[in-house]
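Biologist: Could you walk me through this structure, please? I am new to it.

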Amino acid sequence: MERETMAQASHCTLDHDGCVVCSDAGIPLRVLSIEGDDALCEDTIGNRTEIAVELVRPVAVGEVLLTHGGVAIGKAEKADKLPTEGRHQ
Amino acid sequence: MKYVDEFRNAEIARAVSAEIASITDPGRHYKLMEVCGGHTHTIYRHGIKDLLPDQIELVHGPGCPVCVLPMGRVDDGIAVAERPEVIFTCFGDMMRVPGSKGNLLEIKAEGADIRMVYSPLDALRVARENPDREVVFYAIGFETTAPSTALTLQRAKKEGIGNFSVFCNHVTIVPPVRALLDSPDLRLDAFIGPGHVSTVIGCRPYEFMPADYGKPCVVAGFEPLDLLQSILMLMRQLDGGRCEVENQYSRIVPWEGNLAALKSMADVFELRPYFEWRGMGFIAQSALKLSEAYADFDAELRYSVPGVRVADPKACQCGEVLKGVLKPWECKVFGTACTPEHPLGTLMVSSEGACAAYYNFGRKSFEKVEIGTRQ
C-alpha cells in the first residue's frame, strides 16, 4: 500500500503523536513484516517500531494499521474520495 | 503530501465554509461540542473557528483523560511510585500532571524509580527484565487506550509474569457525555464524536444522543477538512430537521467498532460503580477496573493506596472549562499563574487540553477580550 494512504489517516507520526494519553491520538503505520503477535511497522517518514497486532487480525504485509500505545486498534481503508464528497454512513 | 494536502486544501475548505454559512440561520445560536481533545487541538491549530459563522460556537468537551483525572488519583499513583521496591511506569504527559504535593517528575528527581513508556507493553518488558523488582503501570485513557492495557495484561497472565501490576484509571466516553446532556448548565445543539475512540467502540454507543436527547452526532476525523465536513454534516441535520448518528470518519471507523478489542477489554476489565471526574464530580459506571480474573495484577489491591479525595486549587477553573461553561481564556489564571510551562490545572498540561491548545494556537477571541477591556 502506498505511503500516501497512511498519511491521510492522521497527521501523527511516531515521533510526533501529540499526546498518547489524550486517547484519541492514533498513528497510521504500514506493516513491513509479521512475526507471531507482533509486526514491524513504519510511519510516513520512515520511523519503525514493533506493534502488537492481535486485535486486528488477519494482518498482511503492506496494510496500514491505526495504532495507539504500541497496539494496532484498527485498519485504514484506502480512501478514494475527498472529504467533501460525502464519505459518511 | 498527497491526501494530507487534500484534507488541508484551502480551496475546498473555503467551499465547505461557504456551504456551512449558507445553511446557518442568522437568527439562531448553534452550540456544537467536540467531545475529543484531539479535535480541540485541530480546531485551534488550524483556525477552524475563523472559517465558521459567528452563530456557530464550538464548545470543548471532556475528552482528554489527563484533564479529567482528579488530583487524588495522581496522589495515589505517587504513593505507589514512592515505594522502594517499585519501578513505576507511565505515559509521558502523566509525568507533569500536578498532584497535591508535586508531580511524578519531581518525585523522580527525589529518587523514585519512575520511567516513561510509550506503551504498556514496554512496561511489561521492564518487568521481564527486572524480575527482582515490582513494576507498576499507571493506566489512563479512554477506550482508545484501554485495549492496549487489556492486551498487555492478557500477555502478562499468559506468560505468568508475577512482578507486574496495573493502577487502572481507564474511563469511558459515554457516561460523561450523558452527564453533560443532563446538566442544566449547558444547552448543546449537537456533538462532534471522537474518531479514534469510535475505532474501538463503533458508532452505535452514540445512538442515545438522537434517541434520548434529540441531539445529532457526527463521528469525525482529525484533519481540518474532516472537522469542517463534520460541522457541515451536523448543520445539514439541524437545517433539515434530521437527528441521527453519522460517520464522517468511515475510512478508519467501522460502524460496529473493533470486536476483538472489545472482547479483550471485556475479559480484563469491569465497570466501577462510580468514578470521580475533575470538575464533574462522581459519575456512575464511567470508569474501568480490573476484573476478578485479573485481580492478581491490580495495583490497587496489591498496594494500599491512600484513596484520599483532594480538592482542586481554588483559583483553578478547569471544571467549568471541561463542562464548556467557561472558555479557556475566561479562567482567572489562564496565561498568568497557569501556563504550559507551569500548569496549575490539568487542562494546561496535556497538549490536547483546551487551555494548552488555546494558549499555543488561539488568538481571535483573546484579541476580542483585550479590545473589550481597553477603553
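This is a predicted model: local features need pLDDT of at least 70, side-chain atom pairs count only at pLDDT 80 or more; totals for chains, interfaces and linings use all residues.

Biologist: What pLDDT does chain B average?

Modeller: Chain B averages 89, and 94% of its residues score at least 70; pLDDT is the predictor's confidence in each residue, from 0 to 100. Over residues 366-375 of chain B the pLDDT is below 50.

Biologist: At what angle do α3(B) and α16(B) cross?

Modeller: The axes of α3 (residues 37-45) and α16 (residues 354-361) of chain B cross at roughly 15 degrees and come within 9 Å. Axes are lines fitted to C-alpha atoms, for helices over the stretch in contact, and angles run from 0 to 180 degrees between N-to-C directions. Helices are DSSP runs (H or I, at least four residues), as are strands (E, at least two), numbered from the N terminus. That makes α3(B) roughly parallel to α16(B) (angles under 35 degrees).

Biologist: Changing topic, how many residues of α5(B) are buried?

Modeller: Eight of the eleven residues of α5 (residues 71-81) of chain B are buried, so this helix is largely enclosed by the rest of the structure. Buried means that 20 or more other C-beta atoms, placed from the backbone, lie within 10 Å of the residue's own. Among the buried residues are B:Met71, B:Arg73 and B:Asp76.

Notes
Residues are numbered from 1 along each chain as its sequence is written. Chains are lettered from A and ligands numbered from 1 in the order in which they are written. Two residues are in contact if their C-beta atoms, placed from the backbone, lie within 7 Å. Angles under 35 degrees count as roughly parallel, over 145 as roughly antiparallel, 65 to 115 as roughly perpendicular and the rest as oblique. A residue is buried if 20 or more other C-beta atoms lie within 10 Å of its own, exposed if 12 or fewer, and partly exposed in between; C-beta atoms are placed from the backbone.
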